[in-house]
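I opened my notebook to go through this structure one item at a time. Here is what I looked up, in the order I did it.

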Amino acid sequence: MDLFSDRMKPLLQVENLNVSFQTRKGRVYAVNGVSFQLYPGEILGIVGESGSGKSVTCYSLMGLIPNPPGRIDSGSALFEETDLLQCSSRVLRKIRGHHISMIFQDPMTSLNPYMRIGPQLIEPLRIHLKTPRQEAQQQAIRALNSVGIPEASLRLRQFPHELSGGMRQRVMMAMALITEPELLIADEPTTALDVTVQAQILELIRHRKEKTGASVLLITHDLGVVAEVCDRVVVMYAGRILETGSTRDIFKSPRHPYTSALQRSLPGRHRKGELLKTIPGMPPDLLEPLCGCPFADRCDYRVPECSEIDGELILESSDCGTACPRVHRGEISLNEVKQGGDSSL
Amino acid sequence: MIRYICKRLLEAIPVLLIVATLTFFLTRIAPGGPFDQERNLPPEIEKQLNQYYGFDQSLYKQYFDYLSKLIRGDLGPSFKYSGWTVNEIIAGALPVSAELGAYALLVAVGVGVSAGMCAALFPNRFGDHLPMAFAMMGICLPTFVLGPLLILVFSLTLGWFNASGWIYPEDRVLPALTLGFYYAAYIARLTRGGILEMMTQDFIRTARAKGAGEFRVLVCHAARGGLVPVISFMGPAMAGLVTGSFVVETIFQIPGLGQYFVNAAFNRDYTMVLGTVLFYATFIVFFNLVVDLVLVWLNPAESFESKPAAL
């Protein structure tokens with residue numbers, strides 16, 4: 001269970017992160033009191049449906065939330081000794097792309113269509129390490145080879161539109177890893193790719209992690225992806241963490257009604273021809289600060305007090321916990337769901 | 001690419017033919033003629049003139065005569081400036097207009113692009129509002145207001161430049177500013193819009209995630225795509241600048257092509273009108289081709305084959 005926590009101090013420690021966006025209809029509270037740790041050499045998955053605040057969480061760490069309309073209201077994110085949320089933009093720029101890299105959801109739009117692959121690929125080296133162009137070029141070729149792109153020197157002269165989607169995501173990976181960062185943030189890296197390519201990219205992430213010992217923060221809405229590569233999981237809903245634990249525990253014995261409801265609705269768990277189970281209702285409107293458990297309205301186990309008491313994440317050990325007080329008190333036991341299945345939320 | 005250029009040049013021929021035909025017949029439909037003056041000419045002189053210039057022939061004969069000369073590059077004699085051919089007049093006036101246009105273009109691109117970039121770098125802040133206020137002024141202020149204003153301030157009050165003329169190098173400054181300012185204003189607005197649009201793209205976020213500073217993001221990543229609307233605007237703008245601006249040339253007494261262009265229409269100087277219009281059209285076709293080539297170079301995803309031939 002405590003795979004890493006006993007041995008090491010966290011590489012990244014996020015405490016009580018709150019992010020909101022000013023919109024025309026009012027302030028949207030996108031991330032509410034999110035805390036988690038990431039240890040060196042682990043892959044932490046953040047799962048949640050669209051709008052659950054998982055991407056916003058990671059963008060705030062990178063300082064990529066457009067402000068306005070976005071605003072980080074409070075919180076801290078210690079990366080090594082630096083608080084990413086408090087440090088100056090100059091310091092943050094030095095960390096971005098050097099110590100923390102990011103790959104994005106859509107490789108079609110995330111590469112600059114007006115630039116050849118080469119200059120884009122070596123940009124982190126040129127910015128952070130001032131590597132001479134020739135040497136950077138050599139490194140770029142090695143980086144492309146290491147993500148499984150053949151004929152690298154040819155690719156360097158090509159434009160993004162000449163490459164396939166999977167190839168572009170590989171280029172993104174090579175670009176993110178070229179400075180050998182300690183932390184790789186992957187924002188739904190496989191969502192825009194077809195299934196066979198998805199598996200290759202995931203394999204690549206795992207392989208690179210093992211080779212370089214980098215930590216990975218993997219954002220996804222795909223429980224199958226989580227099951228495949230993550231060591232630990234954070235389940236987010238309506239801008240909060242509802243449950244956290246090792247991948248095994250989350251799948252085998254979920255400790256929050258939301259997690260177990262998610263798993264019941266996995267298509268892989270249904271017999272052929274059977275109606276798919278869904279979670280009734282909609283995620284709550286984030287326009288006003290929530291009172292009580294955000295999942296209360298859709299929960300099978302709700303009692304009146306659920307809408308009143310704030311469901312804070314109760315940690316049972318340093319990185320395993322649930323936000324459901326009823327589960328914590330042992331009032332309800334969620335029916336055990338067997339491991340297996342592979343699908344999206 | 002060579003094929004593309006050849007194709008575009010061939011396409012220009014029917015365009016120019018249509019322009020020539022329309023201009024030829026439209027000028028003839030317009031009432032009056034080149035020899036109409038306040039005092040009527042004696043009939044025998046008018047008859048002789050008509051005969052000399054071929055006006056006694058049928059309109060179609062004149063048209064085909066003109067075309068056959070045109071193919072040989074002969075734009076015919078001017079009716080107003082007797083003893084001069086249109087070719088000679090254009091050859092004499094074009095270098096002046098082109099020089100003025102080149103300076104104005106420098107002003108327009110230099111000032112416009114940097115003002116637009118500054119505005120895009122500080123959206124909705126002072127660094128945006130100041131250049132954009134100037135740009136709005138530039139678009140609203142006609143050259144016949146700006147020109148005299150500049151003369152008033154810089155030549156009459158400060159005495160830095162001559163009020164008019166085209167003799168000394170410093171004579172180029174005020175006309176170039178006057179002519180360039182309007183285009184600079186337009187370019188500034190196009191630059192700002194184009195770059196701000198680029199700034200919301202995903203690849204800009206990637207660049208930031210790589211640790212690129214704002215300046216690097218702007219110059220290396222946003223500028224190339226963001227300047228596409230500016231480049232598109234440059235085609236007609238360059239043609240307009242190089243073939244001369246009647247207003248600016250009149251204000252500053254510059255012997256450029258713009259004056260001839262407008263006066264030819266007033267004088268019913270048929271060949272002169274045709275000559276200048278065709279010349280202008282050729283420039284537009286040519287600069288648009290150049291612009292399209294630059295656009296393809298700027299945007300590699302666009303290929304020569306898929307590009308519609310915009311004229």
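**Entry 1: where the chains touch.** I began with the two chains and found 22 residues of chain A in contact with 18 residues of chain B. Two residues are in contact if their C-beta atoms, placed from the backbone, lie within 7 Å. I then asked which helices of chain A each supply at least two residues of the side that touches chain B. They are α2 (89-95), α3 (107-110) and α4 (117-129) of chain A. The largest share, four residues, comes from α4(A). I sorted the side of chain A that touches chain B by class and noted ten nonpolar, seven polar and five charged residues. For the classes, Ala, Val, Leu, Ile, Met, Phe, Trp, Tyr, Cys and Pro count as nonpolar, Asp, Glu, Lys and Arg as charged, and the others, Gly among them, as polar.

**Entry 2: ground rules.** I reminded myself that this is a predicted model, in which local features need pLDDT of at least 70 and side-chain atom pairs count only at pLDDT 80 or more, while totals for chains, interfaces and linings use all residues. Residues are numbered from 1 along each chain as its sequence is written, and chains are lettered from A and ligands numbered from 1 in the order in which they are written.

**Entry 3: domains of chain A.** I found chain A divided into domain 1 (12-99 + 180-328) and domain 2 (115-178); the bounds come from an automatic or database domain assignment. The C-alpha centres of these two domains of chain A lie 30 Å apart. Their contact takes 13 residues from domain 1 of chain A and eleven residues from domain 2 of chain A. On the domain 1 side, helix α8 (residues 195-212) of chain A gives the largest share, five residues. By class, that side of domain 1 has eight nonpolar, three polar and two charged residues.

**Entry 4: chain B overall.** I counted 13 helices and zero strands in chain B. Helices (H or I, at least four residues) and strands (E, at least two) are DSSP runs, numbered from the N terminus. The C-alpha trace of chain B spans about 85 × 55 × 30 Å along its principal axes.

**Entry 5: a length check.** After α3(B) comes B:Gly73, with a positive phi near 85°.

**Entry 6: α7 and α10 of chain B.** I looked up helix α7 (residues 173-199) and helix α10 (residues 228-242) of chain B, whose axes come within 9 Å and cross at roughly 165°. Axes are lines fitted to C-alpha atoms, for helices over the stretch in contact, and angles run from 0 to 180 degrees between N-to-C directions. α7(B) and α10(B) are therefore roughly antiparallel; angles under 35 degrees count as roughly parallel, over 145 as roughly antiparallel, 65 to 115 as roughly perpendicular and the rest as oblique. The residues of their contact divide into eleven nonpolar, three polar and no charged.

**Entry 7: α12 and α13 of chain B.** Last, I saw the axes of helix α12 (residues 257-266) and helix α13 (residues 270-298) of chain B come within 8 Å and cross at roughly 135°. That makes α12(B) oblique to α13(B).
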